[in-house]
Amino acid sequence: MEPQDLLVGSVAGLLGLVLIVASVRGWTWYRQMRLIRALESRVGVTWTGRLTGLMGLLLIVVGIMIARGFSLVVWLGGN
C-alpha cells in the first residue's frame, strides 16, 4: 500500500460521499449542474437521484479498493 493509493482512495471515497449527500439533500449546486438537469429531463428526478446515489456508492467502493492497494493490471495478470 502506497501513500498515493491512500490519497487517491480517500479522495474518491469523499467525492462519492459528497455525491450521495448532494443527491439526497438536493443541494442547489448539484441541481444546477448541466448534466444533472439533462438526466432529470430524460429519466425524472427520482431516477436521477437513484442513479447519482449509485454512482456515489461506486466511487466509495472504488476508493476503498484503491486505498487497499488493488491494481486492475496486476489482477488481470499484467506486470
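**Note on the helix packing of a predicted model**

1. Glu40 counts as buried because its relative accessibility is 16%, where buried means under 20% relative accessible area, exposed over 50% and partly exposed in between, with a 1.4 Å probe and protein chains only. The residue lies in helix H3 (residues 34-43), helices here being DSSP runs of H or I with at least four residues, numbered from the N terminus. Leaving aside neighbours within four places in sequence, Glu40 is in contact with Arg31, Val45 and Thr48, contact meaning heavy atoms within 4.5 Å.

2. On the basis of these values, this is a predicted model in which local features need pLDDT of at least 70 and side-chain atom pairs count only at pLDDT 80 or more, while totals for chains, interfaces and linings use all residues. Residues are numbered from 1 along each chain as its sequence is written, and side-chain values use heavy atoms, with hydrogens and water left out.

3. Helix H1 (residues 3-25) and helix H4 (residues 45-67) pack at an angle of about 165°, with their axes 7 Å apart; axes are lines fitted to C-alpha atoms, for helices over the stretch in contact, and angles run from 0 to 180 degrees between N-to-C directions. H1 and H4 are therefore roughly antiparallel to each other, a term for angles over 145 degrees, with under 35 counted as roughly parallel, 65 to 115 as roughly perpendicular and the rest as oblique.

4. The residues of H1 that meet H4 include Asp5, Gly9, Gly13 and Gly16, and those on the H4 side include Gly49, Gly53, Gly56 and Gly63. The residues of this contact divide into 13 nonpolar, nine polar and one charged, where Ala, Val, Leu, Ile, Met, Phe, Trp, Tyr, Cys and Pro count as nonpolar, Asp, Glu, Lys and Arg as charged, and the others, Gly among them, as polar.

5. Asp5 is placed in H1 and touches Ile66, Ala67 and Gly69, not counting residues up to four places away in sequence.

6. The buried residues of H1 are Gly9, Ala12, Gly13, Gly16, Ile20, Ala22 and Ser23, and they pack against H2 and H4. Those of H4, among them Thr48, Thr52 and Ala67, pack against H1, helix H2 (28-31) and H3.

7. H4 has 23 residues and reaches 33 Å from its first C-alpha to its last, close to the 33 Å expected at 1.5 Å a residue, the expected span being 1.5 Å times one less than the number of residues.

Note on methods. Helix = DSSP H or I, 4+ residues; strand = E, 2+ residues; numbered from the N terminus.
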